[in-house]
Amino acid sequence: MKEKWNPYTWQKKVALHQPDYQNKVELDKVVKRMKKLPPLVFAGEVRDLKKELCKCSEGKGFLLQAGDCAESFAEFNPNYIRDTFRVIMQMAVILSFASGVPVIKIGRLAGQFAKPRSSPVEEKNGKKLPSYLGDMINAIEFNEKSRIPDPLRMIQAYNQAASTQNLLRAFAYGGYADLSTIQNWNLDFVKKSKQGSDFKLLANRISECLNFMDACGINNKSVRQLSETNFFISHEALLLPYESAFTRVDSTTGSWYNVSAHMVWIGDRTRKLNGAHIEFCKGLSNPIGIKVGPSADPDELVKVIETLNPFKENGKIVLIVRMGSNDIDKFLPRIITKVEKKKINVVWSCDPMHANTEKSKSGYKTRNFRNILNEVKSFFKVHKKMGTYAGGIHLEMTGQNVTECIGGLQKISDKDLSSRYHTHCDPRLNASQSIELSFLIASYLKNLK
Ligand code: PEP
Ligand code: CO
């Protein structure tokens with residue numbers, strides 16, 4: 001007889017990209033401690049997100065999932081969280097104004113600490129060490145001790161995630177997202193740029209609308225949505241001992257929820273039908289993202305979706321397509337044809353970051369703004385041609401003025417990368433590039449109307 005699912009049945013499957021903890025007794029102790037820690041999200045909020053995601057699969061909403069590639073202990077700073085939140089809010093306003101549909105905001109935040117790496121070892125000046133796997137697992141410093149996986153780092157990551165989520169809740173519900181303050185949303189270093197002035201023009205138009213609505217008796221006192229927003233959190237469900245410790249039964253419904261995030265996703269490297277990550281995620285009631293790269297076999301992908309969502313629940317699956325600007329036209333139509341035939345109501349989202357990573361001449365891991373934009377453009381074009389709805393975007397970005405991705409109106413060049421390259425993993429769009437990209441996506445969304 002088939003064993004009934006529980007948060008630990010994944011242990012009987014092959015779990016890729018897991019650290020090899022040397023001290024199992026200590027690992028067990030940490031897991032036991034984590035099982036008693038308070039949830040970061042509530043099941044009712046997760047259900048709300050699912051309802052909102054239904055809109056993105058039906059063409060009545062647009063998903064904006066954005067934030068860090070990898071959060072880090074060193075870069076933990078309330079101002080950084082505030083600035084990232086603020087830029088995500090600006091992006092959401094730009095997209096919503098153009099599309100006329102609500103934008104569902106999900107941060108890659110408050111738990112995005114574990115990273116799958118393309119190589120298990122890193123080599124520097126002839127010395128080889130185990131790769132850095134994210135602050136939740138080991139440390140980035142290039143020495144033997146730092147690279148040993150330490151289970152206690154999971155607790156530190158949880159504590160940081162809890163503080164981050166606490167601040168995000170305060171921003172979302174405490175007046176920071178009030179549309180009547182939109183004139184102040186531009187960050188100082190963005191103000192003087194073209195993106196800053198474009199946003200100012202948009203903010204003026206929105207303020208005018210708000211004044212008119214106020215005259216009609218509709219304002220932030222009468223309508224909650226004008227002064228607060230829902231802001232959800234997400235991360236890759238990669239490190240399974242952490243994820244399973246936070247998977248609990250919801251007392252009102254009796255269903256299992258991962259209470260460390262509203263939504264989790266399965267990475268491109270762990271999306272194996274018979275693997276541990278699918279086994280783990282299939283028992284969750286949370287919405288699940290699935291990264292879909294060029295290596296995805298359409299038939300296997302359909303089976304993965306059916307395993308994760310056997311009852312074809314709407315708002316449950318987000319397919320996060322990351323093919324690369326050169327390959328998307330070739331691979332995406334095949335995937336769309338297979339998935340749509342099954343009528344599974346997925347949300348189609350575009351991650352134009354992960355398959356457009358390159359090494360710059362000066363040796364930095366970077367992404368070219370042009371390739372990012374081209375992948376987004378193709379994503380919209382393919383969906384339009386096939387009659388399906390391009391329902392979301394997934395970005396690695398920050399509210400800081402970093403120089404990690406090449407190009408954009410600021411014309412960041414290879415030479416500039418060294419000046420403010422702070423990411424712990426992949427290169428992120430900075431605040432100006434994020435706003436610039438949003439205006440460009442807004443123009444595609446307008447076209448859909
Ligand atoms: C990520 O989103 O940080 C990531 C590693 O993506 P992917 O699984 O698509 O490579
Ligand atoms: Co990344």
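Start at ligand 1 and select Asp268: a backbone N or O atom of this residue lies 2.8 Å from an oxygen atom of ligand 1. That is a polar contact, meaning a pair of N or O atoms within 3.5 Å (within protein, one must be able to donate a hydrogen and the other to accept it, and residues adjacent in sequence count only if both atoms are side-chain atoms). Before you click on, know that this is a predicted model, where local features need pLDDT of at least 70, side-chain atom pairs count only at pLDDT 80 or more, and totals for chains, interfaces and linings use all residues. Residues are numbered from 1 along each chain as its sequence is written, chains are lettered from A and ligands numbered from 1 in the order in which they are written, and side-chain values use heavy atoms, with hydrogens and water left out.

Next, pick Ile106 in strand 2 (residues 103–108). Strands (E, at least two residues) and helices (H or I, at least four) are DSSP runs, numbered from the N terminus. Is Ile106 buried or exposed? Ile106 counts as buried because its relative accessibility is 0%, and the cut-off for buried is under 20% relative accessible area (1.4 Å probe, protein chains only). Show its contacts, meaning heavy atoms within 4.5 Å: among them are Leu49, Leu63, Phe232 and Met263, not counting residues up to four places away in sequence.

Now hop to Asn368, in the loop between strand 13 (365–367) and helix 11 (369–386). A polar atom of the Asn368 side chain lies 2.9 Å from the backbone nitrogen of Arg370. Asn368 is buried too, with a relative accessible area of 14%. Leaving aside neighbours within four places in sequence, Asn368 is in contact with Asn356, Glu358 and Ile406.

Last stop: colour helix 3 (residues 78–99) and helix 6 (residues 194–215), which pack at an angle of about 65° with their axes 11 Å apart. Axes are lines fitted to C-alpha atoms, for helices over the stretch in contact, and angles run from 0 to 180 degrees between N-to-C directions. Where they meet, look for Gln90, Val93, Ile94 and Phe97 in helix 3, and Phe199, Leu202, Arg205 and Ile206 in helix 6.

Definitions and conventions:
Buried means under 20% relative accessible area, exposed over 50%, partly exposed in between (1.4 Å probe, protein chains only).
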